[in-house]
Amino acid sequence: MEITKLFLITFFAALAGVIPPGLINMSVAKTCVERGRNNGLLVAIGASFIVIIQALIAVLLAKYIFGNPFVQNMLLRTGLVIFLIMAVFFFMKAKRGKVPKVKLSKNRGIKSLGKGMMISALNILPIPYFCALGAALNVSGKVEYDIVAIALFVLAAALGTFTALYFYVIFFARIQNRATTFTKYSNYFMACLMVILMIITLVRTIYFE
């Protein structure tokens with residue numbers, strides 16, 4: 001497969017994986033509402049930076065993970081614990097019902113960047129996702145994952161993720177006038193999403209045992 005096709009497929013696969021409402025993009029939108037667009041953009045940048053590391057790990061370990069059921073099972077168990085913690089966190093936050101006003105603060109820049117990196121790091125789904133993608137692209141065995149190919153794969157994954165998150169930054173203004181409702185129910189939404197992902201992960205963990 002040509003390098004260009006590898007880049008494009010990875011880019012659009014990453015973009016498609018982040019477009020549906022989920023933990024990271026909802027966090028970007030919430031930050032835009034609560035702290036302003038610039039801080040939301042920094043969350044997106046921080047999250048995309050972590051995707052670089054996740055995609056690199058994924059492409060290097062793709063063959064090994066899919067050839068080793070024990071490693072795959074351990075990844076699922078780790079995800080199960082993370083989803084449980086995040087579900088409790090968002091549910092408790094929604095129950096408090098406190099909605100901060102939209103405000104811009106220069107001191108929030110580094111914190112927003114760190115927030116994006118932390119949330120992205122807690123989300124281990126990109127690793128198996130990119131592992132599957134890397135393995136699928138090499139089904140024919142014609143893809144040589146040398147330094148150039150690996151670099152393009154990682155870059156495409158990060159750019160695709162950032163592009164999808166940037167959509168949430170651009171369109172946050174449409175929900176800005178409904179900040180109270182959005183903030184409250186987005187917390188409930190993410191709590192429910194974590195529960196659903198936890199159930200799916202639990203089923204997959206039992207299946208792989």
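Rings of Phe, Tyr and Trp (its six-membered ring) count as a pair if their centres lie within 6.5 Å, with planes under 30 degrees apart called stacked, over 60 edge-to-face and the rest tilted. By this rule the structure has 3 aromatic pairs. In one of them, Phe 11 and Phe 12 have ring centres 5.2 Å apart and planes at 85°, so that pair is edge-to-face. The rings of Phe 162 and Tyr 166 sit with centres 5.9 Å apart and planes at 20°, so this pair is stacked.

A word on the model itself: it is predicted, so local features need pLDDT of at least 70 and side-chain atom pairs count only at pLDDT 80 or more, while totals for chains, interfaces and linings use all residues. Residues are numbered from 1 along each chain as its sequence is written, and side-chain values use heavy atoms, with hydrogens and water left out.

Burial is judged by relative accessible area: under 20% is buried, over 50% is exposed, and in between is partly exposed (1.4 Å probe, protein chains only). Phe 11 is buried at 16%. Phe 162, at 26%, is partly exposed, and Tyr 166 is partly exposed at 36%. Phe 162 and Tyr 166 are 4 residues apart in helix 7 (residues 147-170), which puts about one helical turn between them. Helices here are DSSP runs (H or I, at least four residues), numbered from the N terminus.

Helix 1 (residues 3-18) has 16 residues and spans 23 Å from first C-alpha to last, close to the 22 Å expected; that expectation is 1.5 Å times one less than the number of residues. Its buried residues include Leu 6, Thr 10, Phe 11 and Val 18.

Next, the nonpolar interior. A nonpolar core is a set of buried Ala, Val, Leu, Ile, Met, Phe, Trp, Tyr and Cys residues joined through side-chain atoms within 4.5 Å. The largest has 32 residues, and Leu 23, Val 28, Met 86, Phe 90, Leu 165 and Met 194 touch the most other members. Helix 1, helix 2 (23-35), helix 3, helix 4, helix 7 and helix 9 (179-208) each supply at least two residues of this core, and helix 2 gives the largest share, with 7 residues. Setting aside residues up to four places away in sequence, Met 194 touches Leu 23, Phe 83, Met 86, Ala 87 and Phe 90, where contact means heavy atoms within 4.5 Å. Apart from this core lies another, of 16 residues, among them Leu 6, Val 51, Ala 58 and Phe 130.

The side chain of Gln 54 reaches the backbone oxygen of Ser 120 at 2.8 Å. Among the contacts of Gln 54, again leaving out residues up to four places away in sequence, are Ser 120, Ala 121 and Pro 126. Asn 73, in helix 4 (residues 69-96), is buried at 10%. Asn 73 and Ile 206 are 133 residues apart in sequence, yet 8.9 Å apart in space, C-alpha to C-alpha.

Finally, the cysteines. With a disulfide taken as a pair of cysteine sulfur atoms within 2.5 Å, the count is 0. Cys 32 is buried at 0% relative accessibility, whereas Cys 192 is partly exposed at 47%.

Note on methods:
Polar contact = N/O pair within 3.5 Å; in protein donor to acceptor, adjacent residues only side chain to side chain.
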